[in-house]
Amino acid sequence: SALTPPFQSSDASVLFSYRLNTLLAGMNPFYFHAVNVILHCLVTLVLMYTCDKAVFKDCRLAFVTALFFAVHPIHTEAVTGIVGRADVLACLLFLLAFLSYNRSVDQLYVGEHFPPTASPFFLLLSLFLGTCAMLVKETGVTVFGVCLVYDFFSLSCNGLKRRNGDLHQKPSPSASLQAPLAGRENGKHRVAPRGSWSSCHLPSPTKQRSSGLSVPSRAIWAIHSYLTANNNQNFLDTARPFLKRAALVISYVILVLYFRLWIMGGSMPMFSEQDNPASFSPYLLTRFLTYSYLLAFNAWLLLAPITLCYDWQVGSIPLVESVWDARNLATVFLVLVMTLLSLHCLAAFKKLEHKEVLVGLLFLVFPFIPASNLFFRVGFVVAERVLYMPSMGYCILFVHGLKKLSTWLNKWRITVLTFFALLLLLFSWKTVKQNEIWLSRESLF
């Protein structure tokens, strides 16, 4: 019931799970599919836990994100196709590595420096899980980049506020009475995890001066005030704990990538022109425009999975050979949206507003980089299975936008939630119909 036998998968590291399937249940395809569905359920649960701990402050939003992720039709190829197990398993290891890294950092720390590494065990566990994710699927290695960027942007908030003098205020009598309740350890205050996030939202003159500016202006203001801080020369000293973690992770990534190339014989896989026609085009402009449009095309598949296909190779998507091609408008629109989201993250850098946008962008962009033809040639034009991991970021951004929309349209909140419920039903129906297509070779063709 799969297009090809599972043992023809290009991801050799996932063969162990196939071998285990064969030993326990023979070659019955039902059990191969059952394992894929179970893994998808596990990914959904771990994503909900991740959103609750590291993204949203409301467990209900984490549940809605996981529910939206569970029924998205773009996951059909990865879950229904037996060889798609590599993407699902790599996504599970990706999330576990991310959670382990966060667990290794002392998020209760409030001091003069960036939070130190509280648990070397969980840091090493994160490196191990990230390596397993890479051996299952190459895109799994991007979890290390996600961890480092999240570490810097989320945990540097206290240090940045402290350099601007927001936390050098005299404690009130009530605060001094509450201090023993928080406890001390080696002279460093420790507070509750939720309080550590809320401590980044203290009002400041900078915030008052920049509150009336637009998003791009606030981004520029945040960068300017950071670079002109009086104690900026002490950044290397205050950021030493983070820099140690970053040096360890980067060195380890270079080592495992070298190992990955070594087991591949020191060369990248060879593909034909029918696998990826744009990469064989002799014109640089054609390659650039086509690759850029394919990014917008993949984004459209996440937004509106109306037309799905198991094979987008050869001429299924014609090359973009001219700047006057109307499809370039989709590329421009995508660049505009991603630029605004990035500026939003920079504008909220100092007070860490809307972590949802930061984590959503990280989960959306980083796992898709290996499939973008940016660093090396890939063997497909569009592959829906590679969108399994980036779809986590899309779901986070979607639910965050839904929350903002329901807040703005307070009188129409019931209508917004009703449309979202209808969208869930529509996606569920599309997933069921798409699974029917994957029943046989004939229905696929």
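A: The protein chain exposes about 23,000 Å². Carbon and sulfur atoms supply 69% of that area. The model is a predicted one. Of the 445 residues in the chain, 46% are buried. The chain holds 20 helices and 3 strands. Among contacts with a separation of 6 or more, 77% join residues 24 or more positions apart.

Now the rings. A search of the whole structure finds 18 aromatic pairs. One of them joins tyrosine 293 and phenylalanine 297. Their ring centres are 6.2 Å apart and their planes meet at 50°. Stacked pairs need planes under 30 degrees apart, and edge-to-face pairs need over 60.

An α-helix has 3.6 residues a turn, so residues three or four places apart point the same way. Both tyrosine 293 and phenylalanine 297 are buried.

Arginine 327 lies over the face of tyrosine 293, at 5.2 Å from the ring centre. A second case involves arginine 385 and phenylalanine 380. The charged end of arginine 385 sits over that ring, 5.8 Å from its centre.

Rings also group beyond pairs. One aromatic cluster is formed by Phe68, Tyr394, Phe398, Phe420 and Phe427.

Helix H16 covers residues 328-347, 20 residues in total. At 1.5 Å a residue, H16 should span 28 Å. The buried residues of H16 are Asn328, Thr331, His344, Cys345 and Ala347.

Threonine 80 lies in helix H4, residues 76-80. Its relative accessibility is 11%; the cut-off for buried is under 20%, so threonine 80 counts as buried. Its side chain makes a polar contact of 2.5 Å with the side chain of asparagine 435. Leaving aside neighbours within four places in sequence, threonine 80 is in contact with His33, Asn435 and Trp438.

Valine 35 is found in helix H2, residues 29-54. With a relative accessible area of 27%, valine 35 is partly exposed. Beyond neighbours within four places in sequence, valine 35 is in contact with Asn21 and Arg85.

Terms used: Residues are numbered from 1 along each chain as its sequence is written. This is a predicted model: local features need pLDDT of at least 70, side-chain atom pairs count only at pLDDT 80 or more; totals for chains, interfaces and linings use all residues. Side-chain values use heavy atoms; hydrogens and water are left out. Helices (H or I, at least four residues) and strands (E, at least two) are DSSP runs, numbered from the N terminus. Buried means under 20% relative accessible area, exposed over 50%, partly exposed in between (1.4 Å probe, protein chains only). Contact means heavy atoms within 4.5 Å. Accessible areas come from the Shrake-Rupley method with a 1.4 Å probe; for residues, only the protein chains shown count as cover. A polar contact is a pair of N or O atoms within 3.5 Å; within protein, one must be able to donate a hydrogen and the other to accept it, and residues adjacent in sequence count only if both atoms are side-chain atoms. The expected span of a helix is 1.5 Å times one less than its number of residues. Rings of Phe, Tyr and Trp (its six-membered ring) pair if their centres lie within 6.5 Å; planes under 30 degrees apart count as stacked, over 60 as edge-to-face and the rest as tilted. A charge sits over a ring if NZ of Lys or CZ of Arg is within 6 Å of the ring centre and within 35 degrees of the ring normal.
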